[in-house]
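Welcome, and thanks for taking a look at this one. The report below walks through charge pairs, strand pairing and a few backbone details.

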Amino acid sequence: MKWLTFDDEGTTRHGYLEGEEIVVTGTGDLAAVVRGDADARAGEGRAGERERRPLQGTRILAPLLTPGKVIAVAANYQEHVKEAGARARDQRTATPRLFLKPDTSITGPDAPVALNPITHQLDWEVEIAVVIGRRTQGVAVEQALEHVFGYATSNDISARSLDLGSDRDGEAWTGFFDWLEGKWLDGSAPLGPYLVTADEVGDPQDLALTLTLNGEVMQDGSSTDMVHTIAELVSFSSRLMTLLPGDVILTGTPSGVGATTGRFLAPGDVMVAEVEGLGALRTPVVAADDH
């Protein structure tokens, strides 16, 4: 099923797609659905009695507006590792490299991302987002995908420079934290348009990922190129922290980011991130004063 969250004249509601219609199942975002309470999975059987509304013309929001945790993974596609200038080696000798993004980074389809004046190098990263559906702690790789509710398209928008008004000392730790803090900007994790249940996706390790900028293809990859599989990422994350229903894992990006060529986002640009079967996620870029 394709679940979604939408705005209904100022009220947040959720439902699932049936053709070109939304079958409305409740208010709020999809947190209750992911937890399995409220109208979680009972809605299908009573669909004939439920309100329906056309998808066209409806303002779609991020499926989960305030997820509990947004975990992201750095350097998880081999070709992206190479383009970043890292030494060519088998990255599987390293454990997954995790970091957290704040929930204020979450935004929905068509929501503009503002060029924060703290950076002049804003970049794109199409990714597969994994939404956890069950309390998960220390799960084995072999059982990890059983704990996934579904998947969504995401874009880990990244500030490649930070204009902090002070000289940088050039130390490795300073550079690391500049990189990390560049992942935390408001609206830097567009998510959506749908949350597609795991049963509909099938094998998450065989999905095409693309990102276009003003219609030009910048990224064109496949999840087959992941260094650590989604099952491995869920398992590893659950060894470090308890994963709860609604937590999101952003699983890394293929090659083709702007930092490779020195091309960065500018006002008027439009990104479209798309993952096979998960939908296209459009994000326009605006100046900070226009937001």
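Arg52 has a relative accessibility of 33% and so counts as partly exposed in this predicted model, since the buried class ends under 20% and the exposed class begins over 50%. The residue forms a salt bridge with Glu21, and the closest N and O atoms are 3.3 Å apart. Because Arg52 belongs to strand β4 and Glu21 to strand β3 (residues 21–27), this pair ties together parts that are 31 residues apart in sequence. Glu21 is itself partly exposed, at a relative accessible area of 34%.

Two further charge pairs are worth a visit. Glu51 makes a salt bridge with Arg13, with 2.7 Å between the closest N and O atoms. Glu51 lies in the loop between α1 (31–35) and β4 (52–54) while Arg13 lies in strand β2, so parts that are 38 residues apart in sequence are tied together. Glu51 is partly exposed, with a relative accessible area of 38%, whereas Arg13 counts as buried at 16% relative accessibility.

Glu200 forms a salt bridge with Lys2, the closest N and O atoms being 2.8 Å apart. Here the link joins helix α5 (residues 198–201), which holds Glu200, to strand β1, which holds Lys2, so the pair ties together parts that are 198 residues apart in sequence. Glu200 is partly exposed at 40% relative accessible area, and Lys2 counts as partly exposed at 24% relative accessibility.

| Salt bridge | Closest N and O atoms |
|---|---|
| Arg52 and Glu21 | 3.3 Å |
| Glu51 and Arg13 | 2.7 Å |
| Glu200 and Lys2 | 2.8 Å |

The structure holds 15 salt bridges. Elsewhere, a network of salt bridges links Lys101, Asp123, Glu125, Asp156, Arg160 and Lys183.

Now for the strands. Which strands does β19 (residues 270–275) pair with? One partner is strand β16 (residues 208–213), in the antiparallel sense, over 5 bridges; within this pairing, Leu213 has Met271 of β19 as its bridge partner. Another is strand β20 (residues 279–287), which runs antiparallel to β19 and is joined to it by 6 bridges. In that pairing, Val272 stands opposite Arg282 of β20. β19 and β20 form a hairpin with 3 residues between them, and in the turn Gly277 has a positive phi of about 85 degrees.

Positive phi also turns up at residues other than glycine. Glu9, with a phi of about 50 degrees, is found in the loop between β1 (2–8) and β2 (11–18). Is Glu9 buried or exposed? Its relative accessible area of 79% makes Glu9 exposed. Asp110 has a phi near 70 degrees and is found in the loop between β8 (106–107) and β9 (113–115). Asp110 is partly exposed, with a relative accessible area of 45%.

Another backbone detail concerns a proline. The peptide bond from Gly192 to Pro193 is cis, with omega near 5 degrees. Pro193 is found in the loop between β14 (189–190) and β15 (195–197).

Lastly, the surface. Trp173, Phe176 and Phe177 make a nonpolar surface patch of about 350 Å². Phe176 has its place in helix α4 (residues 172–181) and counts as partly exposed, at 38% relative accessibility.

Conventions. Residues numbered from 1 in each chain as written. Predicted model: local features only at pLDDT ≥ 70, side-chain atom pairs only at ≥ 80, totals over all residues. Heavy atoms only, no water. Pairing = 2+ DSSP bridges. Helix = DSSP H or I, 4+ residues; strand = E, 2+ residues; numbered from the N terminus. Buried < 20%, exposed > 50% of the residue type's maximum accessible area, 1.4 Å probe, protein only. Patch = residues over 30% accessible without salt bridge, like charges linked within 9 Å, V, L, I, M, F, W, Y side chains within 5 Å. Areas by Shrake-Rupley, 256 points an atom, 1.4 Å probe, with all protein chains shown as cover. Salt bridge = Lys/Arg side-chain N within 4 Å of Asp/Glu carboxyl O.
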